[in-house]
Amino acid sequence: MAEKFNQSKYNTEWQKKNMLSVSCRYNSDFVNEFRKALVKLNLKQSDVIRKAMQDVIDRANDK
């Protein structure tokens, strides 16, 4: 009998193969100020980081 498809297991395996995380540590005052700014501007941290990363990639590709 065929094993039932497990969506959660598939998602976990796909993420392991296709996704990486980026990590950094900054002074707590700086991070708290950043988080307050995100709320004030109604932005997501992940969107801001993604845009910054894409800007660096684009600049590097222009050279």
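1. A nonpolar surface patch. In this predicted model, four residues, Phe-5, Tyr-10, Trp-14 and Met-19, form a nonpolar patch on the surface. Together they have about 460 Å² of accessible area. One of them, Phe-5, is found in the segment before helix α1. Phe-5 has a relative accessible area of 55% and therefore counts as exposed, since the cut-off for that class is over 50%.

2. Confidence of the prediction. The mean pLDDT of the chain is 96, and 100% of its residues reach 70 or more. Where in the chain is confidence lowest, and where is it highest? The lowest value belongs to α1, at a mean of 96, and the highest to helix α2, at 98.

3. Helix α1. This helix covers residues 7–18, 12 residues in total. From its first C-alpha to its last, α1 reaches 16 Å, which is close to the 16 Å expected at 1.5 Å a residue. The start of the helix has a contact that the student may wish to locate in the structure: a side-chain oxygen of Asn-6 comes to within 3.1 Å of the backbone nitrogen of Ser-8.

4. Helix α2. Residues 28–41 make up α2, and the helix has 14 residues. Its reach from first C-alpha to last is 20 Å, close to the 20 Å expected at 1.5 Å a residue. At its start, a side-chain oxygen of Asn-27 reaches to within 2.8 Å of the backbone nitrogen of Asp-29.

5. Leu-41. This residue lies in α2. Is Leu-41 buried or exposed? With a relative accessible area of 57%, Leu-41 is exposed, because the value is over 50%. Leu-41 may also be compared in position with Glu-13: the two are 28 residues apart in sequence, and their C-alpha atoms are 35 Å apart in space.

6. The loop between α2 and α3. Asn-42 is found in this loop, just after α2. Its phi is near 55 degrees, a positive value in a residue other than glycine. Asn-42 is exposed, with a relative accessible area of 70%. Lys-44 is also found in the loop between α2 and α3, and Lys-44 is exposed as well, at a relative accessible area of 56%. Along the chain, Lys-44 and Gln-7 are 37 residues apart, and 27 Å separates their C-alpha atoms.

7. The salt bridge. How many salt bridges does a search of the whole structure find? The search finds one. It joins the side chains of Asp-55 and Lys-51, with a distance of 3.1 Å from N to O. As a general point, side chains of opposite charge can pair when their charged atoms come close. The positions of the two residues in the helix are worth noting: Asp-55 and Lys-51 are four residues apart in helix α3 (residues 45–62), so about one helical turn separates them.

8. Accessibility of the paired residues. Asp-55, at 33% relative accessibility, counts as partly exposed, whereas Lys-51, at 53%, counts as exposed. The reason lies in the cut-offs: exposed means over 50% relative accessible area, buried means under 20%, and partly exposed is in between.

Note on methods. Residues are numbered from 1 along each chain as its sequence is written. This is a predicted model: local features need pLDDT of at least 70, side-chain atom pairs count only at pLDDT 80 or more; totals for chains, interfaces and linings use all residues. Side-chain values use heavy atoms; hydrogens and water are left out. The expected span of a helix is 1.5 Å times one less than its number of residues. A polar contact is a pair of N or O atoms within 3.5 Å; within protein, one must be able to donate a hydrogen and the other to accept it, and residues adjacent in sequence count only if both atoms are side-chain atoms. pLDDT is the predictor's confidence in each residue, from 0 to 100. Patches are made of residues with over 30% relative accessible area and no salt bridge: like charges are joined within 9 Å, nonpolar side chains (Val, Leu, Ile, Met, Phe, Trp, Tyr) within 5 Å. Accessible areas come from the Shrake-Rupley method with a 1.4 Å probe; for residues, only the protein chains shown count as cover. Buried means under 20% relative accessible area, exposed over 50%, partly exposed in between (1.4 Å probe, protein chains only).
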